[in-house]
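Thanks, everyone, for making the time this morning. I would like to take you through one model, and I will go from the architecture of a single chain to the contact between chains.

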There are 2 protein chains.
Amino acid sequence: MNTIPDEIFNCLCNNQRFLILLHQKPDGDAIGSAVALGKGLKQLNKTVDYYIDLPLEDKLGFFEEIQYFNQTLQDDYDVIIYLDCSSSSFAFSPAEMPTAKTRLVIDHHKSNAHYGDLNFVEITGATAEIVFRVLRGLNVVFDEEMADAIFTGITTDTGSFQFSNVTVDTHLIASELYAIKTNYAHLSKRLHTQKNINQMKMTGAAIHSLEILDGMPIALMILDHETIVKFGGTINITDDVANLGQNTIGVAITALLKEIDPGEYRVSLRAKYPYDIHEIALKYGGGGHERAAGFNFCGDVGELKQDLMEVYANQNGEA
Amino acid sequence: MNTIPDEIFNCLCNNQRFLILLHQKPDGDAIGSAVALGKGLKQLNKTVDYYIDLPLEDKLGFFEEIQYFNQTLQDDYDVIIYLDCSSSSFAFSPAEMPTAKTRLVIDHHKSNAHYGDLNFVEITGATAEIVFRVLRGLNVVFDEEMADAIFTGITTDTGSFQFSNVTVDTHLIASELYAIKTNYAHLSKRLHTQKNINQMKMTGAAIHSLEILDGMPIALMILDHETIVKFGGTINITDDVANLGQNTIGVAITALLKEIDPGEYRVSLRAKYPYDIHEIALKYGGGGHERAAGFNFCGDVGELKQDLMEVYANQNGEA
């Protein structure tokens, strides 16, 4: 496992009062990194404050350390630590920013602007990997919550060890976490696979509706109004439903139509390289990117299908 | 990483002609273990034959070594290796079984009957972990296909490093695999998220059938014969289907009933700690682990439901 630079070690050892900031809408890596680093510094008798964008997603709400988030801030700190933030403008910061001798950036984003006085930026699977190495370097003893926190950061940012950002170090750190606590199955489930029964049934209904358009690599799914109401409303349509079409072998473009009110659809589009579904979203007054876009729609679904097939046919000529 | 027993090392070193057998309907762990061990032994100038239940699931069909499966068998071998088979009756074996000096069992199932002359049985995340240690012990050099094979075994049998069977060793071995080949993202997608349209529809049908038994935390899913035929046969029932019930918040025990032939079911059981569904599988003549087991069934589904509810109720008293 790679070690940590002396200047980072010295900054954390030789200072006393720390403030931890994360990016807006903090994800598992941001929260996991904050919990582990905050608890680790406290173990070394440092004082640690957190200023964090709340509320968290339900699945991240289990850390006891969260009770110490967003207490009264001091006017001045020795070090403000920016965790998992690629730029300072992306950070969630207090309106009146406390002063500090040192701004320390700890992050794994390739796009990081190195905006700190000290920057510990490496392209790892997760910021939590760097935090783990920092705490090992400081000879901190990990408790189970800290192990859970590092695991949360790694597993969420690597898609459960599946993405191309996983390295030798990712698994070496995971193996050390299993030496601290022997079972992360419950946590993995919480973070990756659990759905309530309505979310599960909604997913099933979306798959049931999945239709391949006229032999083209286009998948269409419709959750009609009755189905959405039956399974507790749109809140139970999980993010991964729009990806179901794309996970089907041979599909390049997916449209998910959610009939929010009778005859009124919210349409989510997904495309694989090189297809661009942005233009069709713009045509219907929506927006997004080349590979993920959306719009509201209350016309004839048959016409929308024709549009999708035309977009595919036109671009397939160029592809 | 734990080492391998001398007697296993000697058996593989001191013999020349090997036959590899797997369990019926070989999964990712069985195939991955066979490919890695077979190629490793060949590298040591051994002769290796494979007798394997084909066809494989599409997602496992990418190993070049598969071309050597099911060639002409010899009448006699030095060693017949049973890989990932908890019992000899569960193994897929030739009608005329070749003779052999030694039957070597390499397996990770708790229920393993130690039916070999030599048995290397440890409760690891995957048989592929044991195979990795065996090959390291034999100083075999891993090529990328062998690394993919071990990775396939581990990632499929641990649910992408999420199940409670993951240990320190699982991640240590994974870290060594990343030192051999730096990216397993494409393979992970192939094994975990991509489905053909029939597999996707079968998944949807399983969710549609999902029923919670009488207010208990027990999920039952039935893929009836008509549905299985409609979506191309049991080959299109992906491993994750049995887990869908378990992924539903509040569910502790899941039974997936696959009606292979009219009135004849293959039952897959899953349980969460502390529930143990191994005993119910044994009662019906099947096998497996405490948390994942299976058996064949051609009785009344209503009675099976009663059995599941009793197992839950009895164990809930102890839990």
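What follows is a walk through this structure, which is a predicted model.

Let me begin with chain A, which is divided into domain 1, covering 6–192, and domain 2, covering 197–318. The centres of these two domains of chain A, taken over C-alpha atoms, are separated by 36 Å.

In chain A there is an open sheet of five strands, paired in parallel and ordered 2-1-3-4-5. Its edges are strand 2 (47–51) and strand 5 (118–121) of chain A, each of which pairs on one side only, and from one strand to the next the twist averages 20 degrees.

Helix 1 (residues 6–13) of chain A lies across strand 3 (76–83), strand 4 and strand 5 of chain A, at about 120 degrees to strand 5, whereas helix 2 of chain A lies across strand 1 (17–21), strand 2 and strand 3 of chain A and runs at about 160 degrees to strand 2. Helix 2 (residues 28–43) of chain A also meets helix 3 (residues 127–137) of chain A, their axes coming within 8 Å and crossing at roughly 10 degrees, which means that the two helices of chain A are roughly parallel. Among the residues of helix 2 in this contact are A:Gly32, A:Ala36 and A:Gly40, and on the helix 3 side they include A:Ala128 and A:Val131. By class, the contact between these helices of chain A has five nonpolar, four polar and one charged residues.

Let me move on to strand 9 (residues 264–271) of chain A, which is largely enclosed by the rest of the structure, because six of its eight residues are buried. Strand 9 of chain A is joined by eight bridges to strand 8 (residues 253–261) of chain A, running antiparallel, and it pairs, again in the antiparallel sense, over six bridges with strand 11 (residues 292–297) of chain A. A:Tyr265 shows both pairings, as it stands opposite A:Glu259 and has A:Phe297 as its bridge partner in strand 11 of chain A. In the hairpin of strands 8 and 9 of chain A, with two residues between the strands, A:Gly263 takes a positive phi near 80 degrees.

Finally, the two chains: 35 residues of chain B are in contact with 36 residues of chain A. On the chain B side, helix 5 (168–180), helix 6 (185–192) and helix 7 (197–209) each supply at least two residues, and by class that side has 16 nonpolar, 17 polar and two charged residues.

Note on methods:
Residues are numbered from 1 along each chain as its sequence is written. Chains are lettered from A and ligands numbered from 1 in the order in which they are written. This is a predicted model: local features need pLDDT of at least 70, side-chain atom pairs count only at pLDDT 80 or more; totals for chains, interfaces and linings use all residues. Two residues are in contact if their C-beta atoms, placed from the backbone, lie within 7 Å. Helices (H or I, at least four residues) and strands (E, at least two) are DSSP runs, numbered from the N terminus. Ala, Val, Leu, Ile, Met, Phe, Trp, Tyr, Cys and Pro count as nonpolar, Asp, Glu, Lys and Arg as charged, and the others, Gly among them, as polar. A residue is buried if 20 or more other C-beta atoms lie within 10 Å of its own, exposed if 12 or fewer, and partly exposed in between; C-beta atoms are placed from the backbone. Two strands pair if DSSP finds at least two bridges between them. Domain bounds come from an automatic or database domain assignment. Axes are lines fitted to C-alpha atoms, for helices over the stretch in contact, and angles run from 0 to 180 degrees between N-to-C directions. Angles under 35 degrees count as roughly parallel, over 145 as roughly antiparallel, 65 to 115 as roughly perpendicular and the rest as oblique.
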